[in-house]
Amino acid sequence: MSATRLGILISGRGSNMETLLKASQQPGCPFAPAIVLANKPDAGGLEKAREYAVVAGAIDHKLYGKDREAFERAMDERLKAAGVELVALAGFMRVLTPWFVNEWAGRLINIHPSLLPKYPGVDTHKRCLEAGDTVHGCTVHQVTAGVDEGPVIGQAEVDVLDDDTPDALAARVLKAEHVLFPRCLAAVARKAGTRVRENVVIDGVTVRLFAPAE
Ligand code: GRF
């Protein structure tokens, strides 16, 4: 079976994008990058994608003013021209309109730095610390019209430490994101469920991966 053609949308440094590109180089990976698109011409991840010899370009959302859909139609055109079958939002910081979400329904996957449904939106690490949670993490989910609301594909938990700061916690969660995202995308590309409950140790940090019960 040929690998699922993946489009990756980014807004910034693209560390999650890079883990997807790395994973795609492993033998047997069921997805292959077709294109990386950023909504900001200066997104650091674009250069990185080119180092992996992946087609990468920017569609500057600012050129479209308030017309979100016109911006998304331009992205949609590029994705379709590249033969994309599955879209990964890897730190893509634009809320998508129902038009784009419907166009890619069931083929649009996001990574979010919290254990959804807790802390949708921004400042998730700060909010988690303020709430006094002992466990935090990240979620890979299908994108639906509501922000950070779609069905969960997989989650990874990270323990909160006594002396944590938002930055320190974010850095540990990011490592968990880098494990979770490629695994979940592989599961989607294979149309298989993710493995439930698996502990992975990364740089001494235990990340607990799990998928919700079917
Ligand atoms: C990640 O924490 C991701 O969960 C969030 O934005 C951040 C992007 O980081 N949506 P990077 O650009 O992948 O390094």
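Where in the chain does alanine 53 lie? Look in the loop between helix 2 (44–51) and strand 3 (56–58), and you'll find alanine 53 there. Keep in mind that you're looking at a predicted model.

**The overall picture**
- In the whole protein you can count 6 helices and 9 strands.

**Where the two domains meet**
- On the contact side of things, 18 residues of domain 1 touch 14 residues of domain 2.
- The size of an interface is often given as the accessible area lost when the parts come together.
- Here, domain 1 and domain 2 bury about 1300 Å² between them, with 76% of that on carbon and sulfur atoms.
- Within domain 1, the residues that lose the most area to domain 2 are Asn16, Pro30 and Val101, and together they make up 31% of what that side buries.

**What holds hands across the interface**
- How many salt bridges are there between domain 1 and domain 2? The count is 0.
- Polar contacts do turn up: the rule finds 3 residue pairs across the interface of domain 1 and domain 2, with both residues at pLDDT 80 or more.
- Three elements, strand 1 (4–10), helix 1 (15–24) and strand 4 (86–89), each give at least two residues to the side of domain 1 that touches domain 2.
- Helix 1 has the largest share of that side, with 5 residues.
- Sorted by class, the side of domain 1 that touches domain 2 has 12 nonpolar, 5 polar and 1 charged residues.

- Leucine 116 and proline 117 are joined by a cis peptide bond, with omega at about 15°.
- To find proline 117, go to the loop between strand 5 (108–112) and helix 5 (124–131).
- Back at alanine 53, phi is near 60°, which is a positive value in a residue other than glycine.

**Charged pairs**
- Side chains of opposite charge can pair when their charged atoms come close.
- Searching the whole structure turns up 12 salt bridges.
- One to look at is the salt bridge between the side chains of arginine 50 and glutamate 47, at 3.3 Å from N to O.
- Arginine 50 and glutamate 47 are about one helical turn apart, because they sit 3 residues from each other in helix 2.

Key:
Residues numbered from 1 in each chain as written. Predicted model: local features only at pLDDT ≥ 70, side-chain atom pairs only at ≥ 80, totals over all residues. Heavy atoms only, no water. Contact = heavy atoms within 4.5 Å. Buried area = accessible area lost by both parts, 1.4 Å probe. Salt bridge = Lys/Arg side-chain N within 4 Å of Asp/Glu carboxyl O. Polar contact = N/O pair within 3.5 Å; in protein donor to acceptor, adjacent residues only side chain to side chain. Helix = DSSP H or I, 4+ residues; strand = E, 2+ residues; numbered from the N terminus. Nonpolar A, V, L, I, M, F, W, Y, C, P; charged D, E, K, R; others polar.
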